[in-house]
Amino acid sequence: MDTVINFIHQYIVALDNGVIDKVVEVIELTLQELTSGRVALLGVVRQLENFLTSEDSNLRVKGLGFLTEILSKYPADALTKQEVTQFTSFLISRLSDQFCIKEILQGIEGLTRSSKFLGYECNQVLVELFSNLNVQSLSQPLRFSTLKLINQLIDQHPEVIVTMKSLFLNGFISAIDGEKDPRNLELVFQLVYKVAKICDITKVSEDLFDTIFCYFPITFKSPKDDPFGVSPNELKLGLKSCIGASPLFAPYAIPSLAEKLSSNSVTAKKDTLNVLIEVIDIYNQEAFTAQLEEVVENIKEEVYHPMDDEIQTISLSMLKKLFSKIYSKGNSQTSTHAFNLALWNEIDNLITEAISIFDVPVSNESAIKPAGKILSQLCGANVLCSCLILDKALVKLLDAFDQVPLIQLKRDILDVVVNILTECRLLFKAEKSGPDGDFIPNELLNQQHRLCTIFDQYFSQKNMFLGLRKSSANGFAELILAKQVMDTTERNFCLHTLTNALLNEQDKTFKQYLIKIFETLIEELPELISEICFPSIITHNNRLIGTILTNNLSGHQEHLNPEQSAQLKEVISLVTVFSVDNNTACCLLESVLSLVTNTLKKPYTFTSIAIVNSLVQSIQTILENLSAKQHNSKTSEIFNSTLLQLWNISYHFLISPEYPGYYDQQRLTVKQLFHSIYRVFILIIRKLETPLQQLLLTSVHKLFFDNENNGLINLDSKLDFKDFLSPFNGGNRFDNLIYLYAATVVASRPNIVLPFEATSHIRQLIEFVLQRGGDFDFNPSGNRLKSAASPITEPIFLIIASIVNKYFNDNECKYISDNCALTDLKYNAFDTTSRDFKRVSNIQLITWITKALIVRGHKSGFDLLNTLIVSLEDPVIGPQSAQALHIILDDDSWGLSKKNTHDVKFLFKQRVFTYSLPPLIQGFTDGKSEAMLHNHLLAISALLKNAPKSALVSEGPNLLPLIIASLYNPDAQLQQSSLYTLLVIIEASTSLVAYNSEPLIGQLLILSNFNTCKNMRVRMSALKSLHQISLSFPKENLEKHQDIVLKSLKVCLDDPKRLVRKLVVDCRNRWYMVLANRGA
């Protein structure tokens, strides 16, 4: 026992000295003694007796604190039933000791962890808790601990709560009544909801409701940096759940909520409406009867004269929910008959008033839209409401449409009609009230022909008001979706009308609107759309491409003219809309592949190759749509078939006598085409099962290195396989096919077995690249194609990087870094006697191997990165080394990425930033030539573009001089990256930038002017920086620059680009405010 006494004294001394670590250590040592059996728990209590019974409250608190710390951490199942009962009785007997409440609550909470803490103990605790504690007189932390303990007891022993009845309920109400702290209220609302669900609250329902409703509506606003994270929205949701927790609250809630509806507070109205929507399904309907007229009147007022759009939307939702409870007048259920009659009375009044708005001449034009919203929402509430409104309002609305003279009014009325049709269709479909879930109200059938006539009349007039045409298009769509309203002939007529408009419409805005309508139609009626619309779509695409080809058979222009480009974009947009499921996608793929084949039968020109490129991009769109959906055997069949067909198309294109020669000027266009085919292959191979990926990679490898066909290419009878000569064996004509080999390696999973020895294969590829030369600017996404160098080197970089990243283990990675061909690459890159293009090719290879290693987190990648940083000083290979960081940090889903199952570490960009920035800044500082400075700035710009914002802010003082220097550099890419970083630093560290405002603002004004800066993106970024400066800089800094800024921005108002002019106006207005504030 001496050990225990020693521990107690150490505990008290540590508390007095505030040494928390020592307190924890003493408790842990005591627990070890207890669990080992060397000391008994009751023995500890005996040693604490003098402390627990001391007249000194400080000693009592410390003694009880020691005991409760032990109880809260003591193994729960180690306590006996007797110990649990004894300790519970001991602790609750001390509840009258106001100094020790915190420790007592902690001890009881520790006991509740034991499975031997049963209902008896729970009852004891609650009785004493409510008897001896005035909860609301306690401090906030103690109130929270008390409420937390009550919550725990309710969860563990709900049966005890039920049996205690009013003894618990009265004590509980007293404990929570008057609570004001948001942290505690969040828990109070949870407790009230549980109690209302578990207990019979009949006798205390009014008191319990009054206790919680006093908080309605919640007006709490959380502090800016609230450490507790209590949000007003969470409190509102909790209180809403409480109010709807029991139907017994209805007699008190409905009158109170009805009164709140007349409040002038927007927040109070929104919250009240949301609560009413919540409780309609919970409360007894007769509770609404007395206040129904008042509630409906207030809701109607918010629809016709809303405080804001959100209140109007919520009010309409409330109307819909309320009248969904209506049933036939003849069906008199005694419990809800009065409420039902009241609903019928109110809906008659609402419909009568809404219809009267459409009397011609229309006296209150502003009420048309609100009245229409009421009618459409009521249509969606209930089948009876829907039929009633169609009978009373549809003819009246159509008559008003015919009679009103103003086009805008016609549009508004037609919108109401279409919205009614939409709500009715959705309602009857949900309730399965007609064949196939469609509705067939008599009045709609009677007016169907009249509706079709109106829609057709205004839809077909191309010079008609656009809003009215959109409404008519929506009307056609609704009639089509309501299948049983029209017969087959009429429905097909409507579909043909929409399809012809989609294909021939000249107005781009309306065309996009029609595309959205077709997206809905295809989702609901895919088979019908496939049957009726597809033939027209396919014929239209064939005609468009045929027209372009016919007009350009002898043309040699490098680009399509704007009209032809727009036509090709139209083909792609149509493909995007219709490729939403397996059937439609299959039809479209067959059509597009047929177009590709037919186009390639024409003479090869820039135009024909550009058309094929666009068609391949549309194939990519179709496959992307399919990839987003659940994969099945049908989609697998589509993907596999497309893969083989594209292989054959690519081969026959390259072997054709009309294929552009190796040095032909069309070669770059062909290169772009194979970039597109590469992306399609990536999409397909990602979806292949692993055995098929294995088979494909093996077959492709044999094709290129052994000239074995293996069925990949279905040769035409006129062609012989000997015509194919692998690029690796001197067949320059087939260089672009390497893209397809690259796609196979890049997209295959890492668990397949490579059909070659990886290290020797990489050596072979490296040697081949060095023989053929490199490409000075490659990105697999195909966005940057500035060089016309040999296309074969581009995909080989990706093949090498993919093998290193996916298929090498750590030892092999170290081997290729230290001992493989890289040693020669480094030597040759810095060999000044070697030809320039050879040195650049070596740097490119080092770059891609570095990327492969760094992305997977291998440390040898940073050794290679250091080689690239050092090479920035070389005037020949420096520019390519500067581009290396762009390549290493580039996010490209078509290259090294998780989508292609590469090993990509989460924070690799941050590691590159931390490693590279110091030597790059030092290199820029020590730069001895203009080229060396430029190379370092380009490398830094790559880091800035990809660095996390926190890193940019922390490095702000070091980066700002470089950023300002970069703004004076003519390189647009460098300027763009620097301006992005500048914006981040301005927002985070204004004082740092303000100190350098003189040179900065002057250069930003130069970059904002289209006469001195031709790059639109740079001009926009410069204007955004100027705007942010006006928001962030101190007033005295802004005033001295204001006149020159306003004068310079006036010139920028004539910028030829609309987006730039918009930014100029916003920026100039903001700088004018500086003058206004100065005047004030």
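By salt bridge I mean a side-chain nitrogen of Lys or Arg within 4 Å of a carboxyl oxygen of Asp or Glu. Search the whole structure and you get 32 salt bridges.

Before going on, the ground rules. This is a predicted model, so local features need pLDDT of at least 70 and side-chain atom pairs count only at pLDDT 80 or more, while totals for chains, interfaces and linings use all residues. Residues are numbered from 1 along each chain as its sequence is written, and side-chain values use heavy atoms, with hydrogens and water left out.

Now some individual pairs. Asp155 and Lys194 form a salt bridge, with the closest N and O atoms 2.9 Å apart. That one links distant parts of the chain: Asp155 sits in helix 9 (residues 140–156) and Lys194 in helix 12, 39 residues apart. Helices here are DSSP runs of H or I, at least four residues, numbered from the N terminus. Asp155 counts as partly exposed because its relative accessibility is 47%, and Lys194 is partly exposed too, at 22%. The cut-offs are under 20% relative accessible area for buried, over 50% for exposed, and partly exposed in between, with a 1.4 Å probe and protein chains only.

Next, Arg183 and Asp181, whose side chains meet in a salt bridge at 2.9 Å, N to O. Arg183 is partly exposed at 23%, whereas Asp181 is buried at 14%.

Arg1019 is in helix 51 (residues 1016–1032) and Asp1055 is in the loop between helix 52 (1035–1052) and helix 53 (1058–1079), so the pair ties together parts that are 36 residues apart in sequence. Both Arg1019 and Asp1055 are buried.

What about charges on the surface? Asp177, Glu206, Asp207 and Asp210 gather in a patch of negative charge there. A patch takes residues with over 30% relative accessible area and no salt bridge, with like charges joined within 9 Å. Asp177 lies in the loop between helix 11 (166–176) and helix 12 (182–198), and at 43% relative accessibility it counts as partly exposed.

Last stop: is Asn842 buried or exposed? Buried, because its relative accessible area is 2%. Asn842 lies in helix 41 (residues 836–855). Leaving out residues up to four places away in sequence, Asn842 touches Leu770, Asp824, Leu825, Asn828 and Ala829, where contact means heavy atoms within 4.5 Å.

Notes: Patch = residues over 30% accessible without salt bridge, like charges linked within 9 Å, V, L, I, M, F, W, Y side chains within 5 Å. Areas by Shrake-Rupley, 256 points an atom, 1.4 Å probe, with all protein chains shown as cover. Lys, Arg positive; Asp, Glu negative; His and termini not counted. Charge placed at Lys NZ, Arg CZ, Asp CG, Glu CD. Helix = DSSP H or I, 4+ residues; strand = E, 2+ residues; numbered from the N terminus.
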